[in-house]
Amino acid sequence: MKAIKIMSSALAAAMLLTGVHTSAFAEDRSQPAMRDITTLELVKDMGIGINLGNTFESCPNWYEEDWIAKWSEGKPNNYETAWGSPVITKEMIEGIAKEGFGVLRIPVAWSNMMAHDGTYTINPEYDRRIHEVVDWTLESGMYAIINIHWDGGWVNNFPDDKDESMKRYTHMWEQIADSFKDYDDYLVFESQNEELGWDKIWNPWGSTDGKAESYALCNEINQEFVDTVRSSGGNNAERHLLISGYNTSIERTCDPLFKMPNDPANRMAISVHYYSPAGFAILEEDADWGKAVSTWGSDADYQSLCNDMSMMKTNFTDKGIPVIVGEYGCPNKNKEPESVRRFLSSVCEEAYKCGHCPVMWSTPGGHYDRDTCKMADQELQKALYNIGGKPFSPRSLNNTPEVVSGDVNNDGAFTVSDAVLVNEWLLGANDVQLENWKAADLCADDKLDIFDLCLLRQELVKIVK
């Protein structure tokens, strides 16, 4: 009991003090280490991925009345379910990781719930919901990619009102970057979706008039993205960034007019999408611009796929710029099931062989079943897993093992020595270092102070008894 009496005296003295180091420790905790790895290494570690499609990017057109708010409570869950998704749960996210996917792309329409006052201020409640799903993703051991997605299509207004559109784009990324600045390098920011490229400036099916101007605007927006994120503080100076290619088209992104931004951190990957041939990968039925095709797998199909992936390898990967195929996919409706399986596994395999990270597009009722939390086609799941799947490996958000409560010296147990260390640290001892201060944050308020010390004392008494 002598140790307890000594400890009680120390605790009583400490109770007269304020937590001198509190704010500094909270700041340290909020910035987990960014690993010393290249973006090429990071993309390789991702394995294969999938999209949480038609969920947080569901939204009204930017120029129309917000029909989602009009016909609902206008809460985050009303937006994420507006295009047919159930409310996303932690079990759904874990299920994705358990099926072997190493990265989840989370498209986001940040303008949802935004006040129409010209400030482009992201709604904090909506932001918190995105945080929650990102946290579940990282806890499941996956990487997460978040972007500004179609977002009602306001990006298409750049050619008509560049200054106001750039103001909106910059201010939105300032807020997103600041909100997520303390996340580690398992979170990747993507500059945009498919909208960087404007037919009203340059019609790719016409002449070359306006082509240089359209590419220049795309390049300028991507540079603004990099500059904004890099100056936003926290871990964002080193965050790995995903740059949207020109309309995310492979052919157009490989055009010499497309330029990667200047990045002082040299931590960038390039994003393209793969929906080719469109008759199979996009159309469920004939349209005025094309004929729907129900099968895939001819020699010409394979050769086209190989050529496209090799083109990205030659133009980017071989030059040290990794490639993420941020979307690839095809519908199930009016398609031969075996062709669907063949197409998806072939795109995944060819991309993976070229060193790219393939991220399959999936929506409610699509390839990943959000009700069963498994792939709808388990044959496809096995094929994809054999190409680049990863075992389920959950982790804590700061990428450290789960901690023992009170174990600040990280020796695997909470003892009197841990409480003494906390006491001395609060008293301002310069030579005291806490290897894991979070273990003593029993108040769970992201700071270490006298209140935590009192709870430590109570726990210590329980142990001795």
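Helices, of at least four residues, and strands, of at least two, are DSSP runs numbered from the N terminus.

**Figure 1. Overview of the predicted model.** The structure shown is a predicted model. By these assignments, the protein chain contains 16 helices and ten strands. Of its 465 residues, 51% count as buried. Among contacts between residues at least 6 apart in sequence, 75% join residues at least 24 apart.

Figure 2. Helix α9 has 20 residues, which at 1.5 Å a residue should span 28 Å. The C-alpha atoms at its ends are 29 Å apart, in agreement with that expectation. The helix is mostly covered, since 14 of the 20 residues are buried, a class that requires a relative accessible area under 20%.

**Figure 3. Packing of helices α8 and α9.** Two packed helices are described by the angle between their axes and the distance between the axes. For α8 and α9, the axes come within 9 Å and cross at roughly 30 degrees. This angle makes α8 roughly parallel to α9, because angles under 35 degrees fall in that class. The crossing of the two helices is right-handed. On the α8 side, the residues in contact are K162, M166, Y169, T170, W173, E174 and A177. Their counterparts in α9 are L217, E220, I221, E224, F225, T228 and V229.

**Figure 4. Salt bridge between K162 and E220.** The closest N and O atoms of K162 and E220 are 2.7 Å apart, and the two residues form a salt bridge. K162 belongs to helix α8 (residues 162-179) and E220 to helix α9, so the pair ties together parts that lie 58 residues apart in sequence. K162 has a relative accessibility of 35% and therefore counts as partly exposed. E220, also at 35% relative accessibility, is likewise partly exposed.

**Figure 5. Salt bridge between D45 and K390.** The side chains of D45 and K390 meet in a salt bridge, with an N to O distance of 3.7 Å. This pair links distant parts of the chain, as the two residues are 345 residues apart. D45 lies in helix α3 (residues 39-46), whereas K390 lies in the loop between α14 (378-388) and α15 (416-426). D45 counts as partly exposed because its relative accessibility is 32%. K390 is partly exposed as well, with a relative accessible area of 21%.

**Figure 6. Salt bridge between D286 and K291.** An N to O distance of 3.5 Å joins the side chains of D286 and K291 in a salt bridge. The two partners fall on either side of the 50% limit for exposed residues. D286 is partly exposed at 48% relative accessibility, whereas K291 is exposed, with a relative accessible area of 60%.

**Figure 7. Salt-bridge network of E338, R341, D377 and E379.** These four residues, E338, R341, D377 and E379, are linked in a network of salt bridges.

**Figure 8. Packing of helices α12 and α13.** Helix α12 (residues 299-315) packs on helix α13 (residues 337-353) with the axes 10 Å apart and at an angle of about 30 degrees. The crossing in which α12 passes α13 is right-handed. From α12, the contact is made by Y302, L305, C306 and M309. From α13, it involves R342, S346, V347, E350 and A351.

Definitions and conventions
Residues numbered from 1 in each chain as written. Predicted model: local features only at pLDDT ≥ 70, side-chain atom pairs only at ≥ 80, totals over all residues. Heavy atoms only, no water. Expected span 1.5 Å × (residues − 1). Buried < 20%, exposed > 50% of the residue type's maximum accessible area, 1.4 Å probe, protein only. Axes fitted to C-alpha atoms, helices over the stretch in contact; angles between N-to-C directions. Parallel < 35°, antiparallel > 145°, perpendicular 65-115°, else oblique. Left-handed = near helix turned anticlockwise from the far one by under 90°. Contact = heavy atoms within 4.5 Å.
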